[in-house]
Amino acid sequence: MDADLKISELTTRAGEWLRGEGPHNEVVISSRIRLARNLANKPFLSKATRRQRTAVEKKIRDVVLSTNLAPKILYADLQESPEVDRALLVERHLISRNHASAEGARGVAVDADETIAIMVNEEDHLRLQVLRSGLQLDDAWGQINEIDDDLDAALEFAFHPRFGYLTACPTNVGTGIRVSVMLHLPALKLTGDIEKVFRAAKELKLAVRGLYGEGTEATGEFYQVSNQTTLGKEEPEIIAEFRDTVIPKIVEFEHRARHALISERHRALEDKIYRAVGLLRSARLITSEEVLKELSFVRLGVNLEILGGVDVRTINELMLMTQPAHLQKLLGKKLEGDDRRAARADFIRERLGVV
Amino acid sequence: MPCDGCNKPKTVHITEIKGGKQVDMHYCKDCPYANDGVAGAKSHAPINELLTNFVMSTSSGGEKQAEECPHTGITWAEFRNAGLLGHPENYDLFESHLTPLLQRAHEGATHHVGKVPERRGKGGLPPKRRKTVDLAKLKQELALALEQENYENAAELRDRIREIEGD
């Protein structure tokens, strides 16, 4: 019962991207906008001394905690946090893997519903992130732009008349904006057309990555599509390209592939979906990767109304809660190897109503 | 050392003479960005880019060629290995090296046209910052005027830019 309480507690404060709401939510899981900023006249972090790094962290932390965001945010000092907590934040997309594993003074400010994450001393002094469920980029831009203005009122950002906002890596210079949309494209994978999407994206100078960004695999056919150009375009222009062209096009391709599967390979599609349900309901040992792969089919089945009795929110929660750090936090103990795979399988069966 | 375009190991070396200066580029065999380099960007560079570059080249501090960052000691070679700059001022210090790299990474663009910090509240911007911000805004307006082929307005803006840069 104790574990259930913890689960419900976490469930009630499940992050924005888990809601399974918002426009195009059958394909678009979440929309994220990130802005990179650095303080003027201070070395970038790769060249900052320990003392400079600590001073930057303190200055930004003090400012963040004095803005009108302060009452609704929690600031986590990552230098002091245990590894499992940092891993939990990575699993919730609130900090990057690099931010979790780096050394020295660094932190993150997060609001209660996890729509805002302000990373301090990641690759840049400041990385603001705003997240929305489904395709809601304008909403995300409105909020992040406001937070940026609030911080700009109290901090002097490194800004150049020609190059714009200066960043440690020149690939982010200018607007410092990274628009990332998380997509679920299982039908395009099944029909073999996903490669065409990748090629088109590459031509449009977009990056396609796995669920957890750079260097991660697209397990379960969950992909992040992001802009790579940050110079020579205004923020609303970059956002409009995603909102009006790029994403609707990919969504349309995925819909077409889904319809083709239903009309031409219905039994084979059902087979994949029901096998996935069977596996999740029966497994006694299961890896995170397997969970994502099988949940991907279950999600497709629910979206196509082939499968009833499970909703997208439950699927999203299972995706999140069965990851290593979440599982260990939920059960309140360190779990390795088969113990972890067993706990994961038990958790899934419990949530799906079978034992 | 990684490819200038996509970070894979480089195998192709290209040397170009640009504005009387030697520009060395290094790409991996199949680099998707290889064709977006200086030559490619130049061949279809719009008139506004050429004019804006002209304004930039006449501005102060555009062609500084120091070897080492006075704040962090970072050199261009070190940046090429690590991929990260050491200090905001490195953008001025390495400007001539960075420009072709930025063009490749940003579809030929070399100028910021987006948001400009305002520092609303708390008495607004200090004079030095105000100057930076005003310059950025004027340059954005200049780019727009040139795009719309409004050369009269462009010339006026160019003079204002020179005036601010000169004081």
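The following legends describe close-up views of a predicted model. In this predicted model, local features need pLDDT of at least 70 and side-chain atom pairs count only at pLDDT 80 or more, whereas totals for chains, interfaces and linings use all residues. Residues are numbered from 1 along each chain as its sequence is written, chains are lettered from A in the order in which they are written, and side-chain values use heavy atoms, with hydrogens and water left out.

**View 1. The largest cavity and its lining in chain A.** The search of the whole structure finds 2 cavities of 30 Å³ or more; a cavity is a set of points, on a 1 Å grid over the protein atoms alone, where a 1.4 Å probe fits but cannot get out, and lining residues have an atom within 4 Å of a point. Grid points are joined across faces, edges and corners, and a volume is the space filled by probe spheres set on the points. The largest cavity has a volume of about 70 Å³. Its lining consists of Trp17(A), Ser30(A), Arg32(A), His93(A), Leu131(A), Ser180(A), Val181(A), Met182(A) and Gln224(A).

View 2. Thr72(B) lies in the loop between α2 (47–58) and α3 (76–82) of chain B; helices are DSSP runs of H or I with at least four residues. The relative accessible area of Thr72(B) is 17%, so this residue counts as buried (under 20%, with a 1.4 Å probe and protein chains only). Leaving aside residues up to four places away in sequence, Thr72(B) touches Pro43(A), Lys47(A), Gly86(B) and His87(B) (contact: heavy atoms within 4.5 Å).

**View 3. The interface of chain B and chain A.** The contact takes 44 residues from chain B and 45 residues from chain A. About 4000 Å² is buried between the chains, of which carbon and sulfur atoms give 57%; buried area is the accessible area (1.4 Å probe) lost on putting two parts together, summed over both. Tyr91(B), His112(B) and Lys115(B) supply 19% of the area that chain B buries against chain A, more than any other three residues.

**View 4. The salt bridge of Glu95(B) and Arg162(A).** The closest N and O atoms of this pair are 2.3 Å apart. The rule (a side-chain nitrogen of Lys or Arg within 4 Å of a carboxyl oxygen of Asp or Glu) finds 5 salt bridges across the interface of chain B and chain A.

How values were computed. 1 Å grid on protein atoms, 1.4 Å probe; cavity = no way out; pocket = protein on both sides within 12 Å on 5 of 7 lines; lining within 4 Å. Helix = DSSP H or I, 4+ residues; strand = E, 2+ residues; numbered from the N terminus. Buried < 20%, exposed > 50% of the residue type's maximum accessible area, 1.4 Å probe, protein only.
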